[in-house]
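User: I would like to learn how to read strands, cores and pockets in a model like this one. Could you take me through them one at a time?

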Amino acid sequence: MLAKSNRVSRPEDFRVAVRQGRRSGSTHTVVHVVDRSSTAPARFGFIVAKTVGGAVVRNRVRRRLRSACRELLPTVGPGVDVVVRALPG
C-alpha cells in the first residue's frame, strides 16, 4: 500500500495531471506525469474504468499497479504526480 502522502486522491489533481501532464502510452496503460514544482513527495494515482472488467478485475489491476509504483517510488523525483490509466485488454 502506498502511504497517504504518496497518493493522488483529489479529483482536481487527477484532472490537472490528465489535461496538463505529459503523456506516454502502451497497449495496456497510459501514464500522465505532471511536475507540481514543490518539494512534496511524489504521488501516484490510478484510473481503472469499468471497461477493464468487473469490480474484482479492476481491484486486482489497481493492486498490481500500486505494487509496481511502490517499487518505483524512490526513482521518481519530488513534486511529481503520476496518474496511470489502465486500458481494457
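This is a predicted model: local features need pLDDT of at least 70, side-chain atom pairs count only at pLDDT 80 or more; totals for chains, interfaces and linings use all residues.

User: How are the strands defined, and which strands does β4 pair with?

Analyst: Helices (H or I, at least four residues) and strands (E, at least two) are DSSP runs, numbered from the N terminus, and two strands pair if DSSP finds at least two bridges between them. Here β4 runs antiparallel to β2, joined by seven bridges, and parallel to β3, joined by six bridges.

User: What joins β1 to β2?

Analyst: Strand β1 (residues 22–25) and strand β2 (residues 29–35) run antiparallel and are joined by four bridges. They form a hairpin with three residues between them, and arginine 23 has histidine 32 in β2 as its bridge partner.

User: Which residues make up the largest nonpolar core?

Analyst: A nonpolar core is a set of buried Ala, Val, Leu, Ile, Met, Phe, Trp, Tyr and Cys residues joined through side-chain atoms within 4.5 Å. The largest has 11 residues, among them Leu2, Phe44, Phe46, Val48, Leu65, Cys69 and Val82. At least two residues of this core come from each of β3 (43–48), α2 (55–72) and β4 (80–86), and β4 gives the most, with four residues. A second, separate core of five residues includes Val8, Ala17, Val34 and Val83. As a general idea, the side chains in a regular strand alternate between the two faces of the sheet.

User: What lines the largest pocket?

Analyst: On a 1 Å grid over the protein atoms alone, a pocket is an open set of points with protein on both sides within 12 Å along at least five of seven lines, where a 1.4 Å probe fits, and lining residues have an atom within 4 Å of a point. The largest pocket has a volume of about 170 Å³, a volume being the space filled by probe spheres set on the points, which are joined across faces, edges and corners. Its lining includes Met1, Lys4, Phe14, Phe46 and Arg66, and the largest share, three residues, comes from β3.

User: Are lysine 4 and aspartate 13 buried or exposed?

Analyst: Lysine 4, in the segment before α1 (11–20), counts as exposed because its relative accessibility is 70%. Aspartate 13, found in helix α1, is buried, with a relative accessible area of 14%. Contact means heavy atoms within 4.5 Å; leaving aside neighbours within four places in sequence, aspartate 13 is in contact with Val8, Arg43 and Asp81.

Terms used: Residues are numbered from 1 along each chain as its sequence is written. Side-chain values use heavy atoms; hydrogens and water are left out. Buried means under 20% relative accessible area, exposed over 50%, partly exposed in between (1.4 Å probe, protein chains only).
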